[in-house]
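I opened my notebook to record what I looked up in this structure. The entries follow the order in which I looked.

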Amino acid sequence: MLELKNLTVHYGHKRVVHDVDLTLAPGQTLGLAGESGSGKSTLAMSVLRLLPKTARVDGEILLDGEDVRTMAWGRLRAVRWASASVVFQGAMHSLNPVHRVGDQIAEPIRLHGTTGSVADLLDQVELPGDKARAYPHELSGGQKQRVMIAMALACGPRLVIADEPTTALDVVVQAQVLAVLQRLVAEQDLGLLMISHDLSVLAETCDDLAVMQAGEIVERGRTREVIANPRHPHTAALTAAFPVIGDPAHRWADPRPTPPPLLQVRDLRVNYGRTRAVDGVDLTVGHGEIVALVGQSGSGKTTLARTIMGLRTPSSGRVIFDGSEVPRGGRALKAVRRQVQLVLQDPSSALNPRHRVFDAVAEALRVHGLREDEEALVTAAVERAELRPASLYLDALPHELSGGQQQRVVIAGALVLGPRLLVADEPVASLDASVRGEIVALLLRLRTELGLASLIITHDLGLAWQIADRVAVMHQGKIVEQGSVEEVLLTPSHDYTRALVRAVPRV
Amino acid sequence: MRLAGRFGGAALSLLMVAVLGFFLFRVVPGDPVVSMTRGRPSTEALQAELRAQFGLDRPLHEQFWSYLTSLLHGDLGTSFTFRRPVAEVILERLGPTLLLVGTSTLIAVLLGLWLGVRAAWRRDSAFDRVTTGVSLTLWAVPTFWLGMLLMVVTGDLFPSRGMRDTDTAPDFVSQALDVGHHLVLPSITLVAVVCAEYVLVMRSSLLQEMHAPYLTTARAKGLRDDLVRTRHAVPNAVLPAITLVFLRFGLVVAGAITTETVFSWPGLGLLFYDALTGPDYFLLQGLLVVTAGAVVVMNLLADLLHGVLDPRVRVG
């Protein structure tokens with residue numbers, strides 16, 4: 001059905017896909033794994049000739065025996081969506097914000113004159129029919145991704161290309177969306193080409209697997225065999241980077257006795273108008289302890305973190321740091337903030353694109369009026385974050401750095417004030433598998449060397465297994481379960497924790 | 001709630017406009033009666049009479065109160081130069097201004113948005129370069145100079161003064177043709193000068209949407225390029241331009257001072273010029289209230305329309 005022969009794609013002189021051969025039979029499911037920049041998305045977009053004009057495509061792309069590269073425009077438009085359709089990544093931006101989703105699903109049906117009804121399609125992806133009248137911003141992330149799947153199936157294509165269809169969704173929603181996709185692919189005997197950086201997602205969905213690195217396919221085979229016995233070192237690195245919950249080899253934090261408390265949260269409540277975002281939370285982080293706060297988006301974990309940082313005033317309850325209550329404002333709050341620092345999720349947006357590394361790191365010093373030894377302090381912080389030698393990086397602008405290096409700059413900016421607690425909001429969610437491991441190792445080393453405690457907010461249970469001493473599970477504003485990592489993740493006692501653990505895709 | 005908030009905000013702005021209109025012309029240095037009668041023979045008695053006539057001899061708070069109450073009844077005071085109610089003078093000039101500036105703004109908006117869309121869609125093409133280049137040049141040219149240049153270049157082809165000839169037959173068709181004939185040069189001048197603004201706003205707004213992932217979705221569905229543009233890109237890209245367009249519509253009643261002066265067009269712009277040379281304080285005050293009020297109302301309309309066009313800001 002789909003056959004790629006010697007496919008090579010250049011952008012200018014840069015070769016992003018090199019000499020790729022791939023075949024996909026009807027009803028076959030093929031996973032394409034790789035890190036960002038490996039060329040996997042370029043490869044997928046080339047199938048429907050959706051690459052920008054600057055791309056030069058060589059080789060053959062045969063769709064049902066016809067070469068997409070040489071098709072006339074009219075023929076190409078007829079083939080698009082009717083023969084092969086795409087579930088794009090980031091449904092938030094891939095749906096047009098000013099049109100109702102029902103109209104967007106119906107658009108290709110009218111265009112290609114096929115039969116199909118929006119209500120049936122929505123029903124297939126388990127959405128109620130009245131959602132057709134909704135605009136994209138009125139739907140949740142999972143619902144939007146279901147709309148994308150319904151849209152992809154609108155003209156009854158035989159091939160569906162899914163480009164990171166569940167990235168940015170949290171585990172429970174991801175599991176639901178994958179289940180819908182898997183069921184429809186099996187029911188309608190579709191060919192599926194699924195692209196992801198997450199091997200565990202591909203392992204759940206695809207029978208066959210191809211691994212891409214730097215534009216080339218370095219390994220392919222049956223998914224199970226490839227993951228169980230990786231032959232190429234890159235495949236091995238990818239499989240190792242995703243922690244398996246329960247596997248001692250992926251448990252990087254060494255066991256230690258419970259330390260005396262550094263941060264204590266007592267019966268904390270935070271209201272947004274009438275909704276209670278945080279509802280009676282008790283939480284303790286000890287000196288040098290790493291605590292993972294896990295939960296779905298909307299569970300209140302980010303509000304809790306902001307309240308701990310003193311960025312939000314609690315409606316009731318107390319936050320105690322190092323024995324004394326965190327004040328609600330003024331000079332005393334500023335003094336506490338020096339000791340509690342925040343690391344944000346996406347380094348590329350957390351860093352000001354026009355500030356050099358030196359200024360980005362020195363900013364906190366300037367805010368706190370610590371102008372002496374600025375250079376020495378900044379250099380020390382940058383080296384602590386393992387950007388060595390610091391002199392190589394101080395003058396760089398964020399766009400000159402890789403994603404992992406950018407996250408190290410963010411961490412250096414937090415370290416420069418010599419804090420005792422880091423609050424990290426999804427610190428590795430936007431990073432590639434290989435870089436992710438390095439950042440996790442860095443956070444652990446900072447704990448060993450500086451005695452730095454961390455509260456890590458994440459929906460990634462694998463990260464909690466890798467790094468944390470204790471886990472607190474948050475659901476609808478309440479902590480439903482907390483305890484040691486082994487207790488909570490291996491023998492969960494609360495129903496919600498069990499559901500979370502079950503939703504994690506298994507390799 | 002948010003809808004009520006917007007109306008409330010507009011009402012508050014209108015009140016501020018009224019207050020500002022009153023005090024702005026009271027804090028300017030100099031006695032208005034002295035300025036009004038400057039260069040003309042006047043006596044103490046005449047000046048006192050003028051003061052009484054315009055109510056300037058009463059305490060400030062009384063003046064303010066009577067100003068506000070008459071404003072609510074649509075009474076803007078009496079013009080010194082015209083010796084007639086300000087509201088009447090303004091209303092009389094409103095028609096010609098709406099005709100000239102309204103038509104020109106409408107043409108400039110439609111032409112500018114269309115050119116902007118075309119230019120952005122074929123970025124860096126010859127069409128794009130010529131469009132942005134020409135509109136920027138015209139934007140930079142002084143209005144009076146362009147107007148005079150047009151008069152010289154077109155010679156006797158189009159009339160260059162006033163709105164109608166005195167000897168035109170009184171029937172509607174002849175009158176309309178005559179006004180249309182007079183309208184050509186000033187409206188070309190106005191369109192040429194302001195068009196660039198819409199071209200550039202529309203162009204940059206569409207360029208920002210050009211790489212939006214939902215356009216890739218639309219292409220992947222098999223849509224023709226022009227459908228991708230008109231159905232998906234433009235409805236999103238036009239949103240930022242709406243506010244600008246309506247602000248400009250609000251300024252239509254301010255007239256176009258330079259253009260109307262150059263072509264002696266009997267509109268509000270020319271009236272502004274006359275009121276300033278007077279200086280005719282009550283007329284200026286009335287003009288300020290009317291034009292600022294129009295901007296506030298148009299801005300409110302822009303907000304409401306934005307809500308209709310963009311479901312994300314739709315108000316309940």
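**Entry 1: a hairpin in chain A**

I began with the hairpin of S19(A) and S20(A), which has 2 residues between the strands. There, Gln476(A) takes a positive phi near 50 degrees. I noted at once that this is a predicted model.

Next I looked at how the two strands pair. S19(A) and strand S20 (residues 478-484) of chain A run antiparallel and are joined by 6 bridges. Within this pairing, I found Val473(A) opposite Glu481(A) in S20(A).

I then checked the pairing of S19(A) with strand S13 (residues 290-294) of chain A. These two pair in the parallel sense, over 4 bridges. Here Leu293(A) stands opposite Ala472(A) in S19(A). I reminded myself that strands of a sheet pair through backbone hydrogen bonds, either parallel or antiparallel.

How many residues of strand S19 (residues 470-475) of chain A are buried? I counted 6 of the 6, so S19(A) is largely enclosed by the rest of the structure. I sorted its residues by direction. Arg470(A), Ala472(A) and Met474(A) point one way, while Val471(A), Val473(A) and His475(A) point the other way. All of them are buried. The general rule I wrote beside this: in a regular strand the side chains alternate between the two faces of the sheet.

**Entry 2: an open sheet in chain A**

I moved on to an open sheet of 6 strands in chain A. I read its order as S6-S7-S8-S3-S9-S10, with mixed pairing. Which strands stand at the edges? They are strand S6 (84-87) and strand S10 (216-222) of chain A. Each has a single partner strand, so one side of each is left without a neighbour in the sheet. On average, neighbouring strands of this sheet are turned by 15 degrees against each other, direction ignored.

I picked one pair inside the sheet. Strand S3 (residues 29-33) and strand S8 (residues 191-196) of chain A run parallel, with 5 bridges between them. Leu30(A) stands opposite Leu193(A) in S8(A).

I also found a helix packed on the sheet: helix H6 (residues 141-152) of chain A. H6(A) touches S6 and strand S7 (159-163) of chain A. The direction of H6(A) makes about 175 degrees with that of S6(A).

**Entry 3: where the chains meet**

I turned to the contact between the chains. 22 residues of chain A are in contact with 17 residues of chain B. On the chain A side, helix H2 (73-79), helix H3 (91-94) and helix H4 (101-112) each give two or more residues. The largest share, 4 residues, comes from H4(A). By class, I listed 13 nonpolar, 6 polar and 3 charged residues on this side of chain A.

**Entry 4: helix pairs in chain B**

Two packed helices are described by the angle between their axes and the distance between the axes. I used this for two pairs.

H5(B) passes H6(B) in a left-handed crossing. In H5(B), Leu115(B), Arg118(B) and Ala119(B) meet Phe127(B), Asp128(B), Thr131(B) and Thr132(B) in H6(B). I sorted the residues of this contact into 3 nonpolar, 2 polar and 2 charged.

The second pair was helix H13 (residues 268-277) of chain B and H14(B). Their axes come within 9 Å and cross at roughly 145 degrees. This crossing is left-handed too. Leu268(B), Leu271(B), Phe272(B), Ala275(B) and Leu276(B) in H13(B) meet Leu283(B), Leu284(B) and Leu287(B) in H14(B). This contact has 8 nonpolar, no polar and no charged residues.

**Entry 5: buried residues in chain B**

I looked at helix H10 (residues 225-237) of chain B. Its buried residues are Arg229(B), His232(B), Ala233(B), Asn236(B) and Ala237(B). These pack against H5, helix H8 (172-209), helix H9 (213-220) and helix H11 (239-251) of chain B.

My last stop was Gln285(B), in helix H14 (residues 281-309) of chain B. Is Gln285(B) buried or exposed? I counted 23 other C-beta atoms within 10 Å, so Gln285(B) is buried; the cut-off is 20 or more. Leaving out residues up to four places away in sequence, Gln285(B) touches Gly21(B), Phe25(B) and Gly77(B).

Technical notes: Residues numbered from 1 in each chain as written. Chains lettered and ligands numbered in written order. Predicted model: local features only at pLDDT ≥ 70, side-chain atom pairs only at ≥ 80, totals over all residues. Contact = placed C-beta atoms within 7 Å. Nonpolar A, V, L, I, M, F, W, Y, C, P; charged D, E, K, R; others polar. Left-handed = near helix turned anticlockwise from the far one by under 90°. Buried ≥ 20, exposed ≤ 12 C-beta atoms within 10 Å, placed from the backbone. Pairing = 2+ DSSP bridges. Axes fitted to C-alpha atoms, helices over the stretch in contact; angles between N-to-C directions.
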